[in-house]
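Trainee: I have a structure open and would like to learn how to read it. Could we go through it together?

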Amino acid sequence: MERLIISGGSRLKGVVTISGAKNAILPILAASLLSESPLVLEGVPCLDDVKIMKDVLQELGVKVNWDGDAMEINPSGINSTEVSPSLMRMMRASNLVMGALLGRFGRVRVSQPGGCTIGSRPMDLHLKGFIALGAEVGQKHGFIEVNCANLEGAEIHLDFPSVGATENIMMAAVLAQGTTIIRNAAREPEIIDLQNFLNKLGARIKGAGLDIIRIDGVLKVGREINYRVIPDRIETGTYMVAAAVTRGDILIRNTIPEHVEPITAKLREAGIDIKEKEDWIHVRGVDRWNALDVRTMPFPGFPTDMQAQMMVLLSLARGTSIITENIFENRFQHVGELRRMGALIRVEGRSAVVEGVEHLTGAVVEATDLRAGAALVLGGLASDNTTIVEGLQHIDRGYEKLMSKLSILGAKVRRES
Ligand code: EPZ
């Protein structure tokens, strides 16, 4: 078991460069299955989740050549439409290949994705979308099979603006006959990135970023394009909070300020000093900051993927805060770990009541999911002595070069087995 040893108390100072967005590259890799031509992706972050998606594509017969932050994809040799249970079990986002495989080959078979620590994460909205497009869905022996020789455009209203369902339905609709309208669509920036990628391949999609997306089906897509994915807004938010909780001074480069506007608004409300321009954000910590309330909501609301990190900041605020998690039903597992570091938090249903304390103290803590892991690292950086964070496999899924980026900012962290 690998773990991080963090000697807390240093003010993080300096420059950090944001990597490509995990939650943009994963759907875009899946969408490349629709292409009849080879293509190149740039700004690809070196993350375990990206490695798994590469393995999924290669298992389907796609040739992938990954060199640094560039990935050459050649989807002309696809010889399967089935994702193995082992890969599905490693990452539920593997289900993002369903829409593209169904759209291009008329069939797809995946094992039922397991739940995960933050919630049951069903796929009912994805499957309802496929059925609306004319597909037949079978679920037996732990597998989901979706078949349809010719998908037909349809009007689909999502019960919830699910990011994955919006992406999967968009991809399935690209080659369908006729027009598909997705209402109550997710509005996350990663949806816009997926639309831009698909349109560069020859798809005809409009409206991503709004709650109504229109896809006009085309016969095929494929152009030898280069496409650079957007920077990671959650990595950006994580370093913004790192500057705040260590009372540091960090210039965050290669980011898109409007993608983190809900985070910036909350940090400014707490009293943190934030300046921003085209592709950078400068965050300067203050000695003590205000308590405030946070409710996670679909974009452009406050992102659920920043809830755990915000809890660390509010654990050290002046006063009592209430954090309400509206997206996932079980995303407070970091509370117990933060309590071990001296945080005063009590969970009441979907809300956590956080009473600000002067200091957090080091402890041995365990990451339970990707963002909880990031939060525990922030807690360690903010605490007065040594913290050991275990469960690094979660953190490696979503934070590229975390150790070197933190060390360059002056953090005293080391990794050991
Ligand atoms: C995406 O997951 C992200 N993952 C998650 O990031 C993120 O937390 C989430 O969106 C919300 O923003 C990727 O993009 C790879 P959803 P996704 O479908 O698509 C329920 C991270 O840390 N739901 O918007 O799975 C679901 O149970 C990860 O980077 C249904 O009920 O999220 C959840 O409660 C964690 N039925 C809510 O909707 C469905 O068919 C939001 O899920 C689909 C979803």
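Trainee: Which helix gives the most residues to the shell around the ligand?

Mentor: Good place to begin, and keep in mind that this is a predicted model. Helix 1 (22-31), helix 5 (124-132), helix 6 (163-173) and helix 12 (370-382) each bring at least two residues to the shell around the ligand. The one that gives the most, with 3 residues, is helix 5.

Trainee: How many charged residues are in the shell around the ligand?

Mentor: Start with the total: 22 residues surround the ligand, and Asp124 and Asp305 are among the closest. Sorted by class, the shell has 10 nonpolar and 5 polar residues, and the number of charged ones is 7.

Trainee: What area is buried between domain 1 and domain 2?

Mentor: The chain is divided into domain 1 (3-18 + 231-416) and domain 2 (22-228), and each supplies at least three residues to the shell around the ligand. Their centres, taken over C-alpha atoms, are 30 Å apart. Their contact takes 23 residues from domain 1 and 21 residues from domain 2. Carbon and sulfur atoms give 51% of the buried area, which is about 1,800 Å².

Key:
Residues are numbered from 1 along each chain as its sequence is written. This is a predicted model: local features need pLDDT of at least 70, side-chain atom pairs count only at pLDDT 80 or more; totals for chains, interfaces and linings use all residues. Side-chain values use heavy atoms; hydrogens and water are left out. A residue is near a molecule or strand if one of its heavy atoms lies within 4 Å of it. Helices (H or I, at least four residues) and strands (E, at least two) are DSSP runs, numbered from the N terminus. Ala, Val, Leu, Ile, Met, Phe, Trp, Tyr, Cys and Pro count as nonpolar, Asp, Glu, Lys and Arg as charged, and the others, Gly among them, as polar. Domain bounds come from an automatic or database domain assignment. Contact means heavy atoms within 4.5 Å. Buried area is the accessible area (1.4 Å probe) that two parts lose on being put together, summed over both.
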